[in-house]
Amino acid sequence: MEGNILQLFEPYSLEYDFSVFLYIGGVGILLFLMIFIGYKLFNKLKYFSYSRKKLIIDFNKPKETAYTITYMIHNYDTPYNQELLERLEQYKYRKDVKPLDEETVKLIEKFLEYVNNA
């Protein structure tokens, strides 16, 4: 009888099976990577779809055109930037403006062509 009671108090080796934790961790990391890569791809596709939109500029509204082109000048580096900024300055910051002159319209068209081809 004593032998049986002593067997109850025998120290058991504490062996843990960590394979379940490794499996859960591996699946968690893979899930995180899939979500992260999917998010990056979605943003890249969204960026390309927005960046390729056709920009419509109405030359009959000189003030709106001046502000739109000035915004684009700050986003694109072209050889026309400095000259365009100087020419468009007279169409901004005023209440009433004259229509765009022909040289400015041609310069804006060259700028837009350069931006679209870049």
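Is asparagine 81 buried or exposed, and what is its relative accessibility? Asparagine 81 counts as buried because its relative accessibility is 11%, where buried means under 20% relative accessible area, exposed over 50% and partly exposed in between (1.4 Å probe, protein chains only). This is a predicted model, in which local features need pLDDT of at least 70, side-chain atom pairs count only at pLDDT 80 or more, and totals for chains, interfaces and linings use all residues. Residues are numbered from 1 along each chain as its sequence is written, and side-chain values use heavy atoms, with hydrogens and water left out.

**Overall make-up**

- The protein has five helices and zero strands; helices (H or I, at least four residues) and strands (E, at least two) are DSSP runs, numbered from the N terminus.
- Read from the N terminus, the order of elements is α-α-α-α-α.
- The protein has 118 residues, and 19% of them count as buried.
- Its accessible surface comes to about 10400 Å², with 61% belonging to carbon and sulfur atoms; accessible areas come from the Shrake-Rupley method with a 1.4 Å probe, and for residues only the protein chains shown count as cover.
- Among contacts in the protein with a separation of 6 or more, 58% are between residues 24 or more positions apart; contact means heavy atoms within 4.5 Å.

- Helix 4 covers residues 81–88, and Asn81, Leu84 and Leu88 are buried in it.
- Seen down the axis of helix 4, these buried residues fall within an arc of 65°, so they line one face of the helix; the arc is that of the directions from the helix axis to the C-beta atoms.
- Gln82 and Glu86 are exposed and sit on the face of helix 4 turned away from its buried side.
- The partners of the buried residues are helix 3 (62–75) and helix 5 (102–117), against which they pack.
- Asparagine 81, which lies in helix 4, is in contact with Ile73, Tyr76 and Phe111 when its neighbours within four places in sequence are left aside.

**Helix packing**

- Two packed helices are described by the angle between their axes and the distance between the axes.
- Axes here are lines fitted to C-alpha atoms, for helices over the stretch in contact, and angles run from 0 to 180 degrees between N-to-C directions.
- The axes of helix 3 and helix 4 cross at roughly 155° and come within 10 Å.
- That angle makes helix 3 roughly antiparallel to helix 4; angles under 35 degrees count as roughly parallel, over 145 as roughly antiparallel, 65 to 115 as roughly perpendicular and the rest as oblique.
- Helix 3 passes helix 4 in a left-handed crossing, a term used if the near helix is turned anticlockwise from the far one by less than a right angle, with right-handed used if clockwise.
- At this pair, Ala66, Ile69, Thr70 and Ile73 of helix 3 meet Asn81, Leu84, Leu85 and Leu88 of helix 4.
- For helix 3 and helix 5, the axes come within 12 Å and cross at roughly 40°, and the two helices are therefore oblique to each other.
- The crossing of helix 3 and helix 5 is left-handed, and Thr65, Ile69, Met72 and Ile73 in helix 3 meet Ile108, Phe111, Leu112 and Val115 in helix 5.
- For helix 4 and helix 5, the axes come within 10 Å and cross at roughly 140°, so this pair is oblique.
- The crossing of helix 4 and helix 5 is left-handed.
- Contact between helix 4 and helix 5 is made by Asn81, Glu83, Leu84, Arg87 and Leu88 on the helix 4 side and by Glu103, Thr104, Leu107, Ile108 and Phe111 on the helix 5 side.

**The loop between helix 4 and helix 5**

- Glutamine 90 is found in this loop and counts as partly exposed, at 37% relative accessibility.
- Glutamine 90 and proline 62 are 28 residues apart in sequence, with a C-alpha to C-alpha distance of 10.0 Å.
- Tyrosine 93 lies in the loop between helix 4 and helix 5 and counts as exposed, at 58% relative accessibility.
- The phi of tyrosine 93 is near 65°, a positive value in a residue other than glycine.
- Aspartate 101 is also placed in the loop between helix 4 and helix 5, and is partly exposed with a relative accessible area of 30%.
- Leaving aside neighbours within four places in sequence, aspartate 101 is in contact with Arg87 and Tyr91.
- Aspartate 101 and proline 62 are 39 residues apart in sequence and 9.6 Å apart in space, C-alpha to C-alpha.
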